[in-house]
Amino acid sequence: MKPLKKVRNEIQRKEEILATVQSELEVLREQERQLENSEMIAAIRNAKFSADDMLALVQAVKKGGTDLSALIPLAINATTTPTPFSESEEENHEVEED
């Protein structure tokens, strides 16, 4: 009987350890989720999408489309900056001022 009691005690000890580790794992997964959400929010804010563009992006993703070409105009609108004049445009611009 002694070996059986020893095994049962070891099982109980391992189950307690397992419960502790699972609890710690749940806490870590929650922290991971919160950090991912923070990163996503920061990325969205840094992208400077308009509210309408962001809504369109979310709707496109919800539809399950993997064709990102529909999203390219949104990305272009959010990231476009005025381009400087090329040399020929600068010359034309200067001529118009004269």
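A residue is called buried when its relative accessible area is under 20%, exposed when over 50%, and partly exposed in between, using a 1.4 Å probe and protein chains only. By that scale R13, at 40% relative accessibility, counts as partly exposed. Welcome to a predicted model, in which local features need pLDDT of at least 70, side-chain atom pairs count only at pLDDT 80 or more, and totals for chains, interfaces and linings use all residues. Residues are numbered from 1 along each chain as its sequence is written, and side-chain values use heavy atoms, with hydrogens and water left out.

**Overall layout**

- The protein has four helices and zero strands, where helices (H or I, at least four residues) and strands (E, at least two) are DSSP runs numbered from the N terminus.
- Read from the N terminus on, its elements run α-α-α-α.
- Of the 98 residues in the protein, 4% are buried.
- The accessible surface comes to about 9,100 Å², and 57% of it belongs to carbon and sulfur atoms; such areas come from the Shrake-Rupley method with a 1.4 Å probe, and for residues only the protein chains shown count as cover.

- How far apart are the end C-alpha atoms of helix α1? They are 67 Å apart, which agrees with the 68 Å that its 46 residues (2–47) should span at 1.5 Å a residue.
- The expected span of a helix is 1.5 Å times one less than its number of residues.
- Helix α2 covers residues 51–62, which is 12 residues, and reaches 16 Å from its first C-alpha to its last, close to the 16 Å expected.
- After α1 comes K48, with a positive phi near 55 degrees.

**Salt bridges**

- The structure holds three salt bridges, each being a side-chain nitrogen of Lys or Arg within 4 Å of a carboxyl oxygen of Asp or Glu.
- E10 pairs with R13, and their closest N and O atoms are 2.9 Å apart. These two residues are three residues apart in helix α1, so about one helical turn separates them.
- K14 forms a salt bridge with E10 too, with the closest N and O atoms 3.8 Å apart.
- Together, E10, R13 and K14 are linked in a network of salt bridges.
- E30 and R33 form another salt bridge, in which the closest N and O atoms are 2.7 Å apart. They lie three residues apart in helix α1, so about one helical turn separates them.
- E30 is partly exposed at 32% relative accessibility, and R33 is partly exposed at 42%.

**Confidence in the model**

- The average pLDDT of the protein is 78, and 65% of the residues score at least 70; pLDDT is the predictor's confidence in each residue, from 0 to 100.
- Which elements have the highest and the lowest mean pLDDT? Helix α1 has the highest, 95, while helix α4 (residues 87–97) has the lowest, 48.
- Over residues 85–98, pLDDT stays under 50. For this stretch the model has two contacts beyond four places in sequence, where contact means heavy atoms within 4.5 Å.
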